[in-house]
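Dear colleague,

Please find the structure below, handed over for your records. My notes on what was found in it follow directly after.

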Amino acid sequence: MTNNLPADLNPEYLPQHVAVIMDGNGRWATQRGLPRIAGHRQGAKTLKELLRCCKDWGIKALTAYAFSTENWRRPTEEVDFLMLLFEKLLQREFAQMQQEGVRISFIGDLSSLSDSLQTQMRLIMAETSKNQAIHFIVAVNYGSRDEIVRVCRQLTQLAQQGELNPEDVNENLVAQYLYTAGMREPDLLIRTSGEMRLSNFLLWQLAYTEMYFTDIFWPDFDREAFHQALLSYQKRDRRFGQVKTTLTA
Ligand code: IPE
Ligand code: IPE
Ligand code: MG
């Protein structure tokens, strides 16, 4: 399961779930005198490569932040380009991913996306739901606060209907109503481009996740850069509030 894993990485202590905030596409392009959209196009290739790398190295899940609830505030042309890019990528890459056994999920409020994109996403989720090679989770129109508000709304509705008692609300129940219900929490979060913030990404789910920040712009985040992130992860001691050293990924 661990093809071409660099020799200095311990296969026993790899993160099982990696999450990435793919940042710096715009700056990557601007630095080269290109329009920002060229950065997004290149960034999509980087993501495809990273997915392949995770699969090769035996990492079981990859979550990528593709579009935030705040990204609608960008110029219309950029938003339109990104939406078109998502559609084209899904069309172009779907068959190959299906063939490779990739299970694909989308998290976020899909209801504000175009009808054709929504239909395509729901179909892809249904058709790949039994695949087991790797779980690829794409966050589109995702915002963590929006996600948590949505959970509150659903739970209060149940309580109002007499189907839920306040004392039955606990962490497990809340987790079951998040977009990520049933998914393992990320072990490692990577953010590129030198920014050190979460930008409304997985606030609940990252409570005990190891974080790694790099100055590299997303389109340049290659296998070697990922290798460095994993080396850093393997030096960490995940204590989960305890005193002892835990050596299980
Ligand atoms: C991340 O790159 C991609 C998306 C948010 C869709 P940016 O577009 O944020 O790139 P910078 O941060 O402006 O360089
Ligand atoms: C976060 O990046 C969102 C995605 C990567 C999709 P942004 O570039 O939108 O974040 P801010 O605005 O710098 O916080
Ligand atoms: Mg950015």
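An oxygen atom of ligand 2 lies 3.2 Å from an N or O atom in the side chain of Arg74, which is a polar contact (a pair of N or O atoms within 3.5 Å; within protein, one must be able to donate a hydrogen and the other to accept it, and residues adjacent in sequence count only if both atoms are side-chain atoms). For Arg197, the corresponding distance from a side-chain N or O atom to an oxygen atom of ligand 2 is 2.8 Å, and for a polar side-chain atom of Asn71 it is 2.9 Å. On its own ligand 2 exposes 390 Å², of which the protein buries 77% (Shrake-Rupley method, 1.4 Å probe).

Please note that this is a predicted model, in which local features need pLDDT of at least 70 and side-chain atom pairs count only at pLDDT 80 or more, while totals for chains, interfaces and linings use all residues. Residues are numbered from 1 along each chain as its sequence is written, chains are lettered from A and ligands numbered from 1 in the order in which they are written, and side-chain values use heavy atoms, with hydrogens and water left out.

The shell around ligand 2 (residues with a heavy atom within 4 Å) includes Ile21, Tyr65, Phe67 and Ser199. By class it holds five nonpolar, two polar and four charged residues (Ala, Val, Leu, Ile, Met, Phe, Trp, Tyr, Cys and Pro count as nonpolar, Asp, Glu, Lys and Arg as charged, and the others, Gly among them, as polar). Strand E2 (residues 61–68) gives the largest share, three residues.

Turning to ligand 1, there are 13 residues around it, of which Met22, Asp23, Arg27, Arg36 and Arg74 come nearest. A side-chain N or O atom of Arg74 is 2.7 Å from an oxygen atom of ligand 1, and a polar backbone atom of Gly26 is 2.9 Å from an oxygen atom of this ligand. The protein covers 87% of the 380 Å² of accessible area that ligand 1 has on its own. Helix H1 gives the most to this shell, with three residues.

As to the overall fold, the protein has seven helices and six strands (DSSP runs, H or I of at least four residues for helices and E of at least two for strands, numbered from the N terminus). The C-alpha trace spans about 60 × 50 × 35 Å along its principal axes.

Yours sincerely
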